[in-house]
Amino acid sequence: MSDSQADKAIAQAVNTQENSQRKRWHKLDLTWGILMVVTLLNALVAETADPHLLITFVICLSIAYKGRLVIDNFMELYNANQTIRSFMRSYFYVFPVLIFLADVFSAQIAWFTTIS
Amino acid sequence: MSTVTTEVFYLNGRGAVAQEPESLKRIPGNRAVWVGIFAELTEFAMFFIIYFIAKAHYPQEFDQGPLKLNTLAGTLNTVALISSSYFVAKAMFAIRNDRPQASARWLWGALLAGLAYLAIKTWEYQWNVDLGIHSDTNSFYTLYYYMTFNHLLHVGWASGTLLWAIYQIKKQVYTAENHSGMMAIACYWHMVDLAWIIIFPLLYVLR
C-alpha cells in the first residue's frame with residue numbers, strides 16, 4: 001500500500017468513526033424525543049379516554065414500543081449478546097400481550113384463580 | 001510499504017475504541033449485574049401477574065382506582081425516569097470518547113432526575129393521604145403502594161450507584177479504556193426505567 005493510499009484509508013476510518021458518533025447522538029436524542037411524546041400521549045389517554053379494548057390495545061403497543069426503544073438504544077442491546085437481548089426483548093413482548101389478554105379474559109382468570 | 005491498523009472496539013470497556021457499540025455480541029457491563037437485573041425483572045413480573053389476578057377479582061376497584069390517582073405526578077415521574085436513562089446513555093457516550101468531565105455532568109443530570117422522581121413520589125403519597133387513599137383502602141391501592149414503593153426503593157439505591165460512578169470518574173477509575181463497571185451501573189439504571197414503563201400504564205392509564 002502506498003503512502004497516499006494509507007492516508008486515504010486512515011481518513012476514511014476517521015470519517016466513519018465520526019459519522020458513527022454523530023449518528024449515535026442523533027439516535028439517543030431522537031429516542032428520548034419519541035419516548036417523551038408517547039408518554040405524554042399515554043397521559044392524555046389516562047385523562048380523557050373511557051375504558052375500551054381498543055385503548056388497552058394501543059397502550060399495550062406503546063409499552064412494547066417504549067420498552068424496545070430503551071432496550072435497543074439506551075441499554076445498547078441492539079448488537080449485544082443475543083441471549084440477553086432476546087430475554088430483554090421478550091419481556092416487552094410477553095407483558096403487553098398478557099396485559100391485553102388479562103383484560104379480554106378477566107372472567108376466566110377470576111374463575112381459574114378462585115379457591116372454592 | 002506502510003500498513004494501516006485500526007483498533008476496532010472497546011469490548012465492555014476493555015481495550016481501545018474506534019467504533020460503537022463496544023458491546024458487540026458481548027455481555028454489556030458484567031455477568032453479575034445481569035443476574036441482578038433478571039432477578040429484579042422476575043420480581044416485578046410477579047407483581048404484574050398478581051395485578052392481573054386482583055383486577056379480575058375486583059374489576060370495580062381497578063376501574064375506579066386510577067381515577068383518583070394523581071396522573072400528573074405519574075407522568076412527571078415517567079418523564080424524570082426516561083430523561084435520566086437518556087442522561088446515563090449520554091454519559092456512556094462521553095466516557096467512551098474520553099470526555100470524563102462531560103460524562104460526570106450527564107451522570108449528575110441523571111442523579112438529579114432520580115432525586116426529582118423521589119421528590120415527586122413523596123408529593124404524590126402526601127396527595128393520596130390528603131384524599132384518604134391508604135394502602136388498605138382497597139385491593140387496587142394495596143397493589144399501587146406495593147408496586148410503587150418497591151420501585152421507589154430501586155430508584156433510591158440505583159441513585160446511589162450513579163453517585164458511585166461519578167466518584168469513580170473523578171478518581172479516574174472509569175476512563176475511556178476501562179468503564180465496564182459504569183456500563184453495569186447504566187444497565188441497572190435502565191432496568192429501573194423499564195419496570196416503570198410497565199407500572200405507569202398499569203396503575204395510572206388502564207382501567
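**Close-ups of a predicted two-chain model**

**View 1. Chain B at a glance.** Of the 207 residues in chain B, 46% count as buried. This is a predicted model, and its secondary structure in chain B amounts to six helices and zero strands. Walk along the sequence and you get α-α-α-α-α-α. Among contacts in chain B with a separation of 6 or more, 73% link residues 24 or more positions apart.

View 2. The model as a whole scores ipTM 0.87 and pTM 0.87. Chain B has a mean pLDDT of 89, with 88% of its residues at 70 or more. Chain A averages 85, and 78% of its residues score at least 70. Two stretches of chain B deserve a caution. Over residues 5-9 of chain B, pLDDT stays under 50, and the model has eleven contacts there beyond four places in sequence. Residues 14-20 of chain B also stay under 50, with 23 such contacts.

**View 3. Helix 1 against helix 5 in chain B.** Here the axes of helix 1 (residues 31-57) and helix 5 of chain B come within 10 Å and cross at roughly 170 degrees. That angle is over 145 degrees, so helix 1 and helix 5 of chain B count as roughly antiparallel. On the helix 1 side, look for Glu40(B), Phe47(B), Ile50(B), Tyr51(B) and Ala54(B). Helix 5 of chain B answers with Ser139(B), Leu143(B), Tyr146(B), Met147(B) and His154(B). Sorted by class, this contact has seven nonpolar, two polar and one charged residues.

**View 4. Helix 1 against helix 6 in chain B.** Helix 1 and helix 6 of chain B pack at about 10 degrees, their axes 10 Å apart. An angle under 35 degrees counts as roughly parallel, so that is how helix 1 and helix 6 of chain B are described. From helix 1 of chain B come Val33(B), Gly36(B), Ile37(B), Glu40(B), Leu41(B), Phe44(B), Phe48(B) and Tyr51(B). They meet Ala184(B), Cys187(B), Tyr188(B), Met191(B), Ala195(B), Ile198(B) and Leu202(B) of helix 6 of chain B. The class tally for this contact is 13 nonpolar, one polar and one charged.

**View 5. Inside the largest nonpolar core.** This core has 83 residues, and those touching the most other members are Val88(B), Ala91(B), Leu107(B), Ala110(B), Leu162(B), Cys187(B) and Tyr188(B). Helix 6 of chain B gives the largest share, 21 residues. Zoom in on Leu162(B): setting aside neighbours within four places in sequence, it contacts Leu107(B), Ala110(B), Leu111(B), Gly114(B), Ile185(B) and Trp189(B).

**View 6. A loop residue, Glu177(B).** Glu177(B) sits in the loop between helix 5 (139-170) and helix 6 (180-205) of chain B. Because 14 other C-beta atoms lie within 10 Å, Glu177(B) is partly exposed. The C-alpha atoms of Glu177(B) and Asn97(B) are 9.5 Å apart, although the two residues are 80 residues apart along the chain.

Key. Residues are numbered from 1 along each chain as its sequence is written. Chains are lettered from A and ligands numbered from 1 in the order in which they are written. This is a predicted model: local features need pLDDT of at least 70, side-chain atom pairs count only at pLDDT 80 or more; totals for chains, interfaces and linings use all residues. pLDDT is the predictor's confidence in each residue, from 0 to 100. Two residues are in contact if their C-beta atoms, placed from the backbone, lie within 7 Å. Helices (H or I, at least four residues) and strands (E, at least two) are DSSP runs, numbered from the N terminus. A residue is buried if 20 or more other C-beta atoms lie within 10 Å of its own, exposed if 12 or fewer, and partly exposed in between; C-beta atoms are placed from the backbone. Axes are lines fitted to C-alpha atoms, for helices over the stretch in contact, and angles run from 0 to 180 degrees between N-to-C directions. Angles under 35 degrees count as roughly parallel, over 145 as roughly antiparallel, 65 to 115 as roughly perpendicular and the rest as oblique. Ala, Val, Leu, Ile, Met, Phe, Trp, Tyr, Cys and Pro count as nonpolar, Asp, Glu, Lys and Arg as charged, and the others, Gly among them, as polar. A nonpolar core is a set of buried Ala, Val, Leu, Ile, Met, Phe, Trp, Tyr and Cys residues joined through C-beta atoms within 7 Å.
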